[in-house]
Amino acid sequence: NLAKNYTPWHPLLRYRSDVEFAPCLPNYMVEYLNQPQVQAALHVRPTLWAEYGNITYTNETLDMVPLWYEFATKTTWKNLIYSGDVDTAVPFIDTQKWINCMNLPLTKDWRPWTYNGQTAGIRHDWKGLTFQTMKGCGHMVPYYCPEIGFVFFENWLNEIL
């Protein structure tokens, strides 16, 4: 029986053996944020958090490409899209596909970025937009790979690479 013998894969199993949940199934963030001690540590008034912040999504198939195209071509913003390369919720391959649909001018081609002497992901820059992957990280990069998540974001803000 496959279900009986199934062991959920989790990226934190690389570092810990006591991981008992599968990512992207239940919403553990809501449970975490609703703890009084967490709210006190965040200095927020008592709040009852809910999944998606009670936002009603009326069209989950809405094409976001035109919006990102506007951000990249009609603003002076630094736009970053990043993905963990083991993200099963939003695979980085699909993200690359829709970014390529915008036909933005390429400013720097694919190149690796490193952390502690190891390849930590790949980066690609277009005019108005950067796409970067984090090697071995899941959907919530800062959760699954906090050090890499911090370093890549700090490097991007400081325009290193």
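The largest nonpolar core of this predicted model consists of 12 residues: Leu80, Trp113, Ala120, Met134, Cys137, Val141, Tyr144, Cys145, Ile148, Val151, Phe152 and Trp156. A nonpolar core is here a set of buried Ala, Val, Leu, Ile, Met, Phe, Trp, Tyr and Cys residues joined through side-chain atoms within 4.5 Å. Buried stands for under 20% relative accessible area, exposed for over 50%, and partly exposed for what lies in between, with a 1.4 Å probe and protein chains only. Helices α6 (141-144) and α7 (146-157) each contribute at least two residues to this core, and α7 gives the most, with 4 residues. A second, separate core holds 9 residues, including Ala72, Trp126, Leu129 and Phe131.

The elements named here belong to a protein chain with 7 helices and 4 strands. Along the sequence they follow the pattern α-α-α-α-β-α-β-β-β-α-α. Helices (H or I, at least four residues) and strands (E, at least two) are DSSP runs, numbered from the N terminus. Of the 161 residues in the protein chain, 30% are buried.

Strands β2 and β3 run antiparallel and are joined by 7 bridges; two strands count as paired if DSSP finds at least two bridges between them. Tyr115 stands opposite Gln118 in β3. The hairpin of β2 and β3 has 2 residues between the strands, and Asn116 in its turn has a positive phi of about 55°. Strand β3 also pairs with β4, again in the antiparallel sense, over 4 bridges. Here Trp126 stands opposite Leu129 in β4. These two strands likewise form a hairpin with 2 residues between them, where Gly128 in the turn has a positive phi of about 90°.

Helix α5 (residues 92-100) has Thr95, Gln96 and Ile99 among its buried residues. These residues lie on the same side of α5 because they cover an arc of only 100° around the axis, the arc being that of the directions from the helix axis to the C-beta atoms. An α-helix has 3.6 residues a turn, so residues three or four places apart point the same way. The cover over the buried residues of α5 includes β1 (80-84), β2 (106-115), β3 (118-126) and β4 (129-134).

Rings of Phe, Tyr and Trp (its six-membered ring) pair if their centres lie within 6.5 Å; planes under 30 degrees apart count as stacked, over 60 as edge-to-face and the rest as tilted. Trp113 and Phe152 form a tilted pair, 6.4 Å centre to centre with 50° between the planes. This pair links distant parts of the chain, since Trp113 lies in strand β2 and Phe152 in helix α7, 39 residues apart. Trp113 is buried, with a relative accessible area of 2%, and Phe152 is buried at 3% relative accessibility. Phe152 also forms an edge-to-face pair with Phe153, at 6.2 Å centre to centre and 65° between the planes. Phe153 is partly exposed, at 40% relative accessibility. Ring pairs link Tyr82, Trp113, Phe152, Phe153 and Trp156 into a cluster.

Residues are numbered from 1 along each chain as its sequence is written, and side-chain values use heavy atoms, with hydrogens and water left out. For this predicted model, local features need pLDDT of at least 70 and side-chain atom pairs count only at pLDDT 80 or more, whereas totals for chains, interfaces and linings use all residues.

Technical notes:
Contact = heavy atoms within 4.5 Å.
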